[in-house]
Amino acid sequence: MLYNDEICYILRPINDKEEQTYTYEIFNLYMENKNLTIEQMKGDNKIQKQFLEEIKNKRIDNEINKSELARILGIARCTIYKYLKENTISNLAPTVCGICGKINSDGLCPKCTKILEKCAKFEIINKNICMNFENLIYIFKYEGIIRKLILDYKFNEKPYIYVSFVNFILKNKKIFEILKSYDTIIPVPISRKRMKERGYNQSLLIAKKLSEDLNIQLQTNCLFKTKNIVEQSKLNKEQREKNIQNVYELKNEQIINNKKILLIDDIYTTGSTVNECSKMLRKAQPRKVDVLVLAKD
Ligand SMILES: [Zn+2]
C-alpha cells in the first residue's frame, strides 16, 4: 500500500492531520482503481485537483459517506466497507460516542448513556414452550429513540453504533454475568445479496464485539442464510413464518454439539427469524439455545 511522503506532497492542500490520514487511504484506493501510478498523479495537477475537489467534505464527523465515495471511485459500496474494515477503520474512526458523535473513548458518552438507561429493560423471558429456543434476553423496547437508532444502525450506514450498544449492554452487571455463561455466540446470518448491498451484517458486528469482550468463541461457520427473501418487516405474522422457512442452512454441526449457544439478532418482532435459526441449530444437539436481541417490538 502506498502510504508515504509522495502522497503527503500531493495532499498538502489538506491541513487537518486526521483528514489527511483519511484522504491517504481513499487516495490509495482511487489510484488502485483508476490504475494510476504515483508518478502519474505527481505529474498531473489536473488529476490531483479533481481528486481533492471531489474528496473534500465527504467526511462529516466520524461518518464516511460511502455511497458518495463509491461514486467517486467508481466501485461498489461494499468494496469501500471491505477496504475500510481491512485497512483503516481504526485509524479513520476517532473514538467518538456512536450516538451523538462527541469524542469519547468508550464509544458512548455519559449523556447518551443516561438516555439509553432511561429506555433500557434488560429483560429475560422464558420461551421454552412456544419456541425452539429457551430464553429471550432483550435490552430495549423497540420504540422511540431506540427504534430510530436501530434503524440508523441497520439501514443508514451507521454500523459503528454497535460499539455504543455493546458497551452499554456489558455495563449491566446482571446481563454481563448471564452472557459470560455461554460457550458460543452465533449471529443471525444475512444473505450474500444483502451483505453486498449493506456492506455489513449488523448482528455479526454485535456478536463479534460481545465475543471479544466476553472472551467467548464466535461461530460464523455453522449457520448460513442461503436464500434472499422479502424483508420480514414488510410482512405479517403468518407471512413471516412462511417467508423464513428453509432459508437457513446448518454446516459443521459438530462444532456446536453440546454447546450453550447465544444467538444474536437486532430486533425481535414475532420471533420467527430467531425461531427458525434455533430450529436449525438444534439439529446439532446443542446443550441450550438462548437469544439476545437489542430490542423487542
Ligand atoms: Zn453521546
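**View 1. Strands β3 and β4 pair in the antiparallel sense.** Five bridges join β3 to β4 (residues 135-141); two strands pair when DSSP finds at least two bridges between them. Strands here are DSSP runs of E with at least two residues, helices are runs of H or I with at least four, and both are numbered from the N terminus. Look for I125, which stands opposite L136 in β4. This is a predicted model, where local features need pLDDT of at least 70 and side-chain atom pairs count only at pLDDT 80 or more, while totals for chains, interfaces and linings use all residues. Residue numbers start from 1 along each chain as its sequence is written.

**View 2. An open sheet of six strands shows mixed pairing.** Its order is β3-β4-β10-β9-β5-β6. The edge strands, β3 (120-126) and β6 (217-218), each pair on one side only. Helix α14 (residues 272-282) packs on the sheet and touches β9 (260-268) and β10 (288-296); a contact needs C-beta atoms, placed from the backbone, within 7 Å.

**View 3. Helix α13 (residues 237-244) packs against α14.** Their axes lie 9 Å apart at an angle of about 30°; axes are lines fitted to C-alpha atoms, for helices over the stretch in contact, and angles run from 0 to 180 degrees between N-to-C directions. R240, E241 and I244 of α13 meet S272, T273 and E276 of α14.

**View 4. Q239 lies in helix α13.** Q239 is partly exposed because 14 other C-beta atoms lie within 10 Å; buried takes 20 or more, exposed 12 or fewer, and partly exposed falls in between, with C-beta atoms placed from the backbone. From Q239 to S272 the C-alpha distance is 9.9 Å, across 33 residues in sequence.

Terms used
Two residues are in contact if their C-beta atoms, placed from the backbone, lie within 7 Å.
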